[in-house]
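Welcome, and please take a look at the chain shown here. Below is a short tour from the overall fold down to single side chains.

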Amino acid sequence: VVNALTAMPVPLLRWPGGCYADHYHWRDGIGAPESRPHRLGMSCGLQVEDDNGIGTHEFIALCRLLGAEPYLAGNMGSGSVQEMCDWVEYCNATIDSDLTRERTANGSREPFGVKLWGVGNENWGCGGSYDAATYAQEYRRYATMLRHVDPQAQLVVCGHNDEWNEEVIRINRNYQGLMDHFSIHRYWINGG
């Protein structure tokens, strides 16, 4: 798989993906793999066992193998602002804190330096069934707190494929400094 992905190449890799992102709690995917909790993995109506065998450290290692920029998608659906802030601190902080000590204990003394952070995923649907106005306001709250933790983080707004995008941008027009990227979702079924 690594050889095939390297041959493509893959300049950017996002994880967790799909509706799974808004059920994923990053703490489940750190520490010794054999001691990680087994959870109900949910995405797009499917339910499977998730042993959390792939977590933050494994994803970062895969990105490094591929030469890909890591892009982490934060859980806005079932998570909290604090949970996402803690993940950013765990990955990127350089100061001595409980979270950086935990990262060191889990095998990475040096910060991961993750630049791209998605604030939610498919928030109009499986990511919380937000309307555009509510998502825009929640995005602003998350983004403000995330920037406190890592002012260099590049934050990604979850876009859609319709007027949702215009509404989110209109509402946050005075907060453009909190929006670095806009991830527009477009789905093609049977080529159309």
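**Ground rules**

This is a predicted model, in which local features need pLDDT of at least 70 and side-chain atom pairs count only at pLDDT 80 or more, while totals for chains, interfaces and linings use all residues. Residues are numbered from 1 along each chain as its sequence is written, and side-chain values use heavy atoms, with hydrogens and water left out.

**The chain as a whole**

Let us begin with the fold. The chain has six helices and seven strands, where helices (H or I, at least four residues) and strands (E, at least two) are DSSP runs numbered from the N terminus. Their order along the sequence is α-β-β-β-α-β-α-α-β-α-β-α-β.

The C-alpha trace spans about 45 × 40 × 35 Å along its principal axes. A compact globule of 192 residues would have a radius of gyration near 16 Å, and the 17 Å of the chain agrees with that; the radius is taken over C-alpha atoms, and the globule rule is 2.2 Å times the number of residues to the power 0.38.

Of the 192 residues, 43% are buried, meaning under 20% relative accessible area with a 1.4 Å probe and protein chains only (exposed is over 50%, partly exposed in between). Among contacts (heavy atoms within 4.5 Å) with a separation of 6 or more, 69% are between residues 24 or more positions apart.

**Aromatic rings**

A search of the whole structure turns up 12 aromatic pairs. Rings of Phe, Tyr and Trp (its six-membered ring) pair if their centres lie within 6.5 Å, and planes under 30 degrees apart count as stacked, over 60 as edge-to-face and the rest as tilted. Here are two of the pairs:

| Pair | Centre distance | Plane angle | Class |
|---|---|---|---|
| Tyr-24 and Trp-87 | 6.2 Å | 50° | tilted |
| Trp-87 and Trp-117 | 5.5 Å | 80° | edge-to-face |

Which parts does the pair of Tyr-24 and Trp-87 tie together? Tyr-24 lies in the loop between β1 (12–15) and β2 (39–43) and Trp-87 in helix α3 (residues 81–92), so the pair joins parts that are 63 residues apart in sequence. Tyr-24 counts as buried at 3% relative accessibility, and Trp-87 counts as buried at 2%.

Trp-117 is buried, as is Trp-87. Ring pairs join Trp-15, Tyr-20, Tyr-24, Trp-26, Phe-59, Trp-87, Tyr-90 and Trp-117 into a cluster.

**Helix α2**

Phe-59, a member of that cluster, is one of the buried residues of helix α2 (residues 56–66), together with Thr-56, His-57, Ile-60, Cys-63 and Leu-66. The cover over these buried residues includes α1 (2–7), β1, β4 (69–74), α3 and α4 (98–105). After α2 comes Gly-67, with a positive phi near 70°.

**Gly-118 in strand β5**

Finally, which residues does Gly-118 touch? Leaving aside residues up to four places away in sequence, Gly-118 touches Tyr-71, Leu-72, Ala-73, Gly-74, Met-84 and Val-156. Gly-118 sits in strand β5 and, at 2% relative accessibility, counts as buried. From Gly-118 to Tyr-71 the C-alpha distance is 7.2 Å, although the two are 47 residues apart in sequence.
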